[in-house]
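Open your viewer and get ready to select residues. We will go stop by stop.

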Amino acid sequence: GTDGSSWEITLKKGATVVINIEVTNTGNESHTYLFYLDGDPNRGSVLAAGDTKMEVFSFSDISSDRTIMLDQIN
């Protein structure tokens, strides 16, 4: 769940991780959400009501902090 209308996951420099995230917008209203990496919403995935998105993030000894975001956009 989103535990509200937005959340973020912060990965610290030097981390090595593989993250599989499945996000489902279970709402039946007109709210949509944007799911994106590193504060770049232009490269994100939009989730309308009922949509499910699966994203895989794989980082090996990352060179700087990374952030995975989910924000309500309307």
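Start by selecting β3 and β4: they run antiparallel and are joined by three bridges. Two strands count as paired here if DSSP finds at least two bridges between them. Strands are DSSP runs of E with at least two residues, and they are numbered from the N terminus. This is a predicted model, so local features need pLDDT of at least 70 and side-chain atom pairs count only at pLDDT 80 or more, while totals for chains, interfaces and linings use all residues. Residues are numbered from 1 along each chain as its sequence is written, and side-chain values use heavy atoms, with hydrogens and water left out.

Now click Y33. Its bridge partner in β4 is L47. In β6, Y33 stands opposite Q72.

How many of the five residues of β3 are buried? Four of them are, which leaves the strand mostly covered. Buried means under 20% relative accessible area, exposed means over 50%, and partly exposed lies in between (1.4 Å probe, protein chains only).

**Next stop: the core**

Select W7, I21, V23, F35, F57, I68 and L70. These residues have the most contacts inside the largest nonpolar core, which has 13 residues. Such a core is a set of buried Ala, Val, Leu, Ile, Met, Phe, Trp, Tyr and Cys residues joined through side-chain atoms within 4.5 Å. Colour β1 (6–11), β2 (17–24), β3, β5 and β6: each gives two or more residues to this core. β2 gives the most, with three residues. In soluble globular proteins, nonpolar side chains tend to be buried together.

Zoom in on F57. Leaving aside neighbours within four places in sequence, F57 is in contact with V17, V18, I19, I21, F35, L37 and I68. Contact means heavy atoms within 4.5 Å.

Move along β5 to F59, which lies in that strand. Is F59 buried or exposed? F59 counts as buried, because its relative accessibility is 8%. Not counting residues up to four places away in sequence, F59 touches L11, A15, T16, V17, L37 and R66. Now draw a distance line from F59 to L47. The two are twelve residues apart in sequence and 24 Å apart in space, C-alpha to C-alpha.

**Next stop: the salt bridge**

Select R66 and D38. The structure holds one salt bridge, and R66 forms it with D38, the closest N and O atoms being 2.5 Å apart. The pair links distant parts of the chain, 28 residues apart: R66 is in β6 (residues 66–72), and D38 is in the loop between β3 (33–37) and β4 (45–47). A salt bridge needs a side-chain nitrogen of Lys or Arg within 4 Å of a carboxyl oxygen of Asp or Glu. R66 is partly exposed, at 22% relative accessible area. D38 counts as partly exposed too, at 34%.

**Last stop: the outside**

Find D61 in the loop between β5 and β6. D61 has a positive phi of about 50°, although it is not a glycine. Most residues other than glycine have a negative phi. D61 counts as exposed because its relative accessibility is 54%.

Finish with M54, in β5 (residues 52–59). M54 is partly exposed, with a relative accessible area of 48%.

Technical notes: Helix = DSSP H or I, 4+ residues; strand = E, 2+ residues; numbered from the N terminus.
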